[in-house]
Each structure stands twice: as C-alpha cells, then as structure tokens.
Amino acid sequence: MSMASFFNQRAPKKASSKDDGDRKARMPWVEKYRPKNLDDVSSQSHAVTVLKKSLHTSNLPHMLFYGPPGTGKTSTILALAKQLYGPELYKTRVLELNASDERGISIVREKVKNFARLTVSNPSKEDLAKYPCPPYKIIILDEADSMTNDAQSALRRTMETYSGVTRFCLICNYITRIIDPLASRCSKFRFKPLDNTDALTRLTYVANEEKVQYEDGVLEKILDISHGDLRKAITFLQSATKLHGVAEVDADGDISIDEQGGNNHESSKITVTSVQEIAGIVSDSTLDEIVTAARTHDFQVMFKLSKKLAAEGWSATQMLDQLHDKLILDDSLTGTQKIHISFALNETDDKLSNGTDEQIQFLNFLSKLSQVL
Amino acid sequence: MSLWVDKYRPKSLDSIDYHFNISKRLKSLASSGDFPHLLVYGPSGAGKKTRILATLQELYGPGVNRMKIDVRTFKTPSNRKIEFNIVSSPYHIEITPSDLGNNDRIIIQDLLKEIGQTEQIDFQTGKHRFKIVIINEADSLSRDAQAALRRTMEKYSTNIRLILISNSTSNIIPPIKSRTLLIRVPLPTVNEIVGVLSKIAEKEDIRLPSNEDEKSSILAKIAEHSDRNLRKTILSFEALAMTNDSISSACKLVELDWEKVIADLSKQVVKDRSVKNLSQSRSVLYELLSHCIPAKIILKELTFNLLCDPRVTDPMKYDIVDASSLFDERLSLGSKDIFHLEGFLARSMVIMESKK
Ligand SMILES: Nc1ncnc2c1ncn2[C@@H]1O[C@H](COP(=O)(O)OP(=O)(O)OP(=O)(O)O)[C@@H](O)[C@H]1O
Ligand SMILES: Nc1ncnc2c1ncn2[C@@H]1O[C@H](COP(=O)(O)OP(=O)(O)OP(=O)(O)O)[C@@H](O)[C@H]1O
Ligand SMILES: [Mg+2]
C-alpha cells in the first residue's frame, strides 16, 4: 500500500493541506525524495529502460530485483505500479508483502492465492484515460531473502497457475537466497551500487530543493562514504545540514567546544570534516596506527591497541572493511601478502557474523596481519 | 534511597559532562521534526542510554519522565502465552528483545504496527508527532526480526522513529545500517571519569584526600580498575565510600569474586600443564557457569589473563589468541559451553607446552 493511501484511510478525513505540509516536514528526506516515477530513479538504466517500455506495451514479465541496500529496488517497483494503475486502481491491483508480514508457507499460499485468484477489477474511465491499466495484478514480494525455502517453493505453482492475471516481483539483496525454480521464472534486474555521477545528480537535486549550503567537495565526500547507497547518502546530507543549522542558532556561546578543537566556529555551510564526523568512519590516522602496530611484531603493542579501539567503541566490521580497502590497494605489498591478508579478513568477518566477541576477533586479525607483514 | 548510578544520571543533554560533540549532534538532530532513525553503539557503561533518555527529554520535555511499566501478554501462533514488560511514556516505548525469546519478530511487528497506525495527535507542543521506539540490545535481535523492521521503518516513518542500542554493529544486518544514522559512544576517558566522581563526592560529602594530585590519582585508580566502564566505576566508588570513612590511596579496591577466580585459574593453567590440572579446572569452570557468569565473558577474561601473564611468550600468544577466536566461535554456535571452555584450556596448555 502506498504511504499516501495508507494515511488517507486512517487519518481523520479533514486532513488539510497545512497538515500535509506538516507531515512532509516530519518525513525523513529519504522518504520525501523517494522516486515517484521511473524518471526519478537514478542510475539503474537497464531496469528503468525495460520497465518504461512496459508502460507502452502493457507487457510485463515476472521480475527479480536484486542488489545492495539503498539502490532503488523498492522505489522502482512502487513507482512502476503507480504509473501503471494510478492511485485508485493501485489499491486493488497491487499486493505488497515484505519481511514484516507473516510469510510462512500456509500464509503465502492463502494470501497470494486469494489475491491472485480474484478477477481483475475494471478500471474507471478516468483511470483508463490517464494510466495504462494493464489487465493483470502485481504481487510484490519485497525483502524476499528472508522467506524460507519452503515458502518460496510453495509459490512455484501459484506463479504458474495464475500467470495469466498476475505478475510477480521478487526483491532481495542476495540473489543466492532465492531458490532456482523461482529465479529461473523471472527476468532478473541487477541494481548496482549507484555510481558517483548519477548519484551526484540526485543528491544535488535534493540539496537544492532543501536549500542546503555546502562547501565544495562535500557531496562527493558523502557519496564516497556511502559506497553507492543513496539512502545513506541522503541521510548523511540531512543530518549534516542540521548540525550546521543549530551551530548557527546557538552561536551565543552556550555550545560546548569539543575537545578536538577543530570546528568551534562552524559556518552554516556543511564542511567535509563534519560529514566525516557524522558518518562515523575510522580516520586514516587510526588505520595507520593499526598497520603500524602490526608491523612492530610486538604482541603487547597490538594487545594494547585492540583494547583502546574497543574502548572507543569502533565496530570491528567497520575497521575490517576500511582496512581491506586500504591494504588491497597498497602497492608496497606483494600479491602473496595480499592473498593472506584477504584470507584473514574473510575468516574474521565470518566469525564476527556468527556473533563472536569483537575484541578477541580483532586482536586475532591483528596478530594474523603482523605475521604476514 | 537510590543508587548513585541512578541518582546522578544526568537528565538533559546540557548537563551531560563528557562527549560534548555527541550531545551537540543529538541536540541538533532533535531540534526539528525530521529526526532520523538512530543506531547508537559503544561499549557497556559508556553512557548510551543516558544520552538517549536525555535526547527524549530534549524532544518532548519533562513529560517523558512519566514512565510506567506494563506487563503485556502475547499469544504465539502455537497458542503459547508469553508475558513481557514494556517501559513506556506518552512519547516512547522501550523493548528488550531478550525478554521476547524466539518470537521477537512477531511481537515487535505487532507493537510497531499498532503504534505506526495511530497518529500521535495533539501532543502539547504539537511539534513532534512521532513516537520513539527504543530497542535495547538490538544486536541480539534475530535476523528475521531485523529484516522485519526494514519496510516498517520506511512505511511508518511519519509516526515512528526507532532508536536501536547495541554494543557493536557487527551483528546488525546491512539494510538496517542503511536505514539508520550511526552514533558511536566511546568509553569516557579516565580524566572524564575523575571529573564525574569528584562531582558526586562533593554532593555526597565524601572525604577524599585534600591534596588534588592524590585525590585524582585515587579516583583514576578506581576508574581504571573498572576498565573505564562508568556504571561499574560509580558502583564501586559507592561501595568504597560505604565501607570506608574516608577514601585514600590506602583503601583496597574490591575485586569481584569471579574475576579473581578466573585470574587464579589462568595462573594455574600457565604453571601446571597437566591432565590432572585440566580436570581440576573443569570444576572451577562449572562453578563459574553455575554462578551465571556468561561463558563468553569467562573465555575473554581467561584469554586476556593468559596474554598478560609474563611467563607466556610472544609466539605462544599468537597461537593462544588464535585458539581463543576459534573457541569463541564455537561458543556462539554450539550449546555445550563447558566443552568449549575446557577445550580452550586444553589447547592453551598444549600450545605452551610445545612452544616452551
Ligand atoms: N536509484 C535511486 N534513485 C533515486 N533515489 C534512490 C535510488 N536508490 C535509493 N534512493 C533513495 O533511497 C531511498 C531508499 O531506496 P529503496 O527503498 O528503493 O532502496 P532498496 O533498494 O529497496 O533498499 P533495501 O534493499 O534496503 O530495501 C529512497 O527513498 C530514495 O530516497
Ligand atoms: N555524562 C554522564 N555524567 C555522569 N554520569 C553518567 C554520564 N553518562 C552516564 N553516566 C552514568 O553511567 C551509568 C551508565 O550509563 P548508561 O546506562 O547510559 O550506559 P550504557 O552505555 O547504556 O551501558 P550498557 O550498554 O551497559 O547498557 C549511568 O547509570 C549514569 O549514572
Ligand atoms: Mg527495499
């Protein structure tokens, strides 16, 4: 169900336009700037091109969208569905099930079947004039990675039986989590991490709409830190904006000056430094400190450092990610060294994903690293 | 009479006396209607919860202090009844997944949808009309429960903001990290803790050495003794003040029983690497486990004790930490804690024997 239609149903009827503006102001920018039609979707030209065609031909295959968080998967299908049906018909033609819905085998069978089985309702004249209104329904199974294999299997038959009147759109982060019999029935669309040029255009658009003031290089830095996740990028932009907004208001001295010294005279323009601070990335000097400690081959030095980093609260996975980027690009290391390092990184990452102790695992990685260097 | 940790927990962002830049950031985020979802992480006793409660205060004013605890019952699909507690104020609710067991996904969804579907109309200021949902120990949420938060965080974002609290972000799935602003709360430095303790001492009229240097050094010792965990530090400071008329460098800091047991066990393992000692160690481990010391804490303490033992050489240390990382993983995956702890001790003995 779309956000707008959702609230129209429940909110008291006399929602005035003032209320609407208020709601907008309370909306995080990521939602406010969720693409409303396919043209708003940045990058992902493959998916967008193919789907746009379906607006003219009314032909749509079953689809499987996959790719990392914040790349536009959910937004794209919602935008497509709105453009196909318009807001009224959308309510009866689109079923969205996501990980927050009960999706066990029996429920999937029931819900999906019941919806798929219904004959397609007829569009009104107005809708027909404005929207393509193709004669099928769309079932969106968002966040499908969290469906069990059994529940997925249960879908196979349904998909075939009702393919005359329904199209499925499966969405996931990892395509390997979708069982083959389902995946092979779908056209696959890979959603890539956004490349910086496309993302920059969108982020600049948001910044301009919100009248954000920023120094040169800030948007590029934000995109750099977000690694192609546009949702992250927009959240960073919004948070940084506020940090600067407030510094201005409270300029009469009651803001405590942080010990690092740095930015006590913040201008209202967002700076690269404040973006870095908000994003919580490990600083280059800390990364250097880690590598230097490993190079000493002195266990006590590494032990102390691991303790210090834990006290500072750094997440081990975050440090490993950044160390990976740093070490793999380091020309002074040999190929063999890099292989050993990436092996140690993977092993540690694996263990961490099993819920192990960060400090022990990171110390173990440090000791492995020092044996390679 | 409340404990000092509660009595002196700062209530507002302005009165929080360290990590000023974090307070400043929280304050700026709370200053207008579009507060983001947060993931606040850092070591235990760093002051995460304190900052979050202060942020609520900033957002809603003193009304958030009208907290109550409800007991809710939930019926699982298999018709079993689960009872759990919810702390709430008119502006927020707080849940702790470990109370919910295997049903965390269903229960949290139920609660969130209930809140998400009712608009918070007419709060006195009319300013912030979303409700905050605090999830403690978010890293112990099951994967399914985390996945279930994804669309909910987007769909209901006009009515709900989540604040997830955890010790680390390694167990949080990437789509959740993508949807939250991460805020890291480091432990306070020793000096910062000395500042906090001095303030408490003044208010409680505790007799401390009049010489500033001596005073700082004893307070610093207490802070370090508690590994800079502020809660632990304040608790042990209070204990010290209760048992001594005046606090001086002569006072003996109380070591927790179990910590001492582990330290002794570690020494024994280094000294006597025999099968006989291994079976004696087993009973010590059992004893610790029966006192509800978590196996992972035992392993970590043991490892660190071994690594700091002067009789253990560097080559041994490399192998010991490797063994520890392995048994740490087995503890996470397996069920028989005692096997893995014992396995670690046996492995450590072998390592020390072969590298001596
Ligand atoms: N390609 C894109 N074009 C424009 N905006 C985007 C794009 N990708 C992400 N965004 C922004 O990020 C927000 C989240 O995107 P969306 O919900 O589509 O991500 P997703 O791919 O479904 O991620 P997840 O796997 O975490 O569910 C959108 O509301 C929008 O603001
Ligand atoms: N700025 C501060 N000034 C003085 N005391 C503080 C401050 N911050 C925290 N404390 C004290 O430290 C104690 C622990 O803080 P808090 O409960 O916020 O830690 P936490 O990081 O949430 O810990 P855990 O992860 O173990 O729950 C509080 O009870 C409070 O007394
Ligand atoms: Mg999505």
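This is a predicted model: local features need pLDDT of at least 70, side-chain atom pairs count only at pLDDT 80 or more; totals for chains, interfaces and linings use all residues.
Local features need pLDDT of at least 70, side-chain atom pairs count only at pLDDT 80 or more, and totals for chains, interfaces and linings use all residues. Residues are numbered from 1 along each chain as its sequence is written, chains are lettered from A and ligands numbered from 1 in the order in which they are written, and side-chain values use heavy atoms, with hydrogens and water left out.

Q: Why is the site of ligand 1 called shared between chains?
A: A residue is near a molecule if one of its heavy atoms lies within 4 Å of it. Residues from chains A and B surround ligand 1, so the site is shared. The shell holds 24 residues, the closest including A:Lys73 and B:Arg179.

Q: How much of ligand 1 does the protein bury?
A: Taken alone, ligand 1 exposes 630 Å², and the protein buries 100% of that (Shrake-Rupley method, 1.4 Å probe).

Q: Which helices supply at least two residues each to the shell around ligand 1?
A: They are α5 (73-93) and α12 (230-249) of chain A, with α5 (143-155) and α6 (174-179) of chain B. Helices are DSSP runs (H or I, at least four residues), numbered from the N terminus.

Q: What makes up the shell around ligand 2 by class?
A: It has ten nonpolar, five polar and six charged residues. Asp, Glu, Lys and Arg count as charged; Ala, Val, Leu, Ile, Met, Phe, Trp, Tyr, Cys and Pro as nonpolar; the others, Gly among them, as polar.

Q: Which helix gives the most to the shell around ligand 2?
A: α3(B) does, with four residues; α3 of chain B spans 48-60.

Q: Which part of B:Val5 makes a polar contact with ligand 2, backbone or side chain?
A: A polar backbone atom of B:Val5 is 2.5 Å from an oxygen atom of ligand 2. The protein covers 90% of the 640 Å² of accessible area that ligand 2 has on its own.

How values were computed: A polar contact is a pair of N or O atoms within 3.5 Å; within protein, one must be able to donate a hydrogen and the other to accept it, and residues adjacent in sequence count only if both atoms are side-chain atoms.
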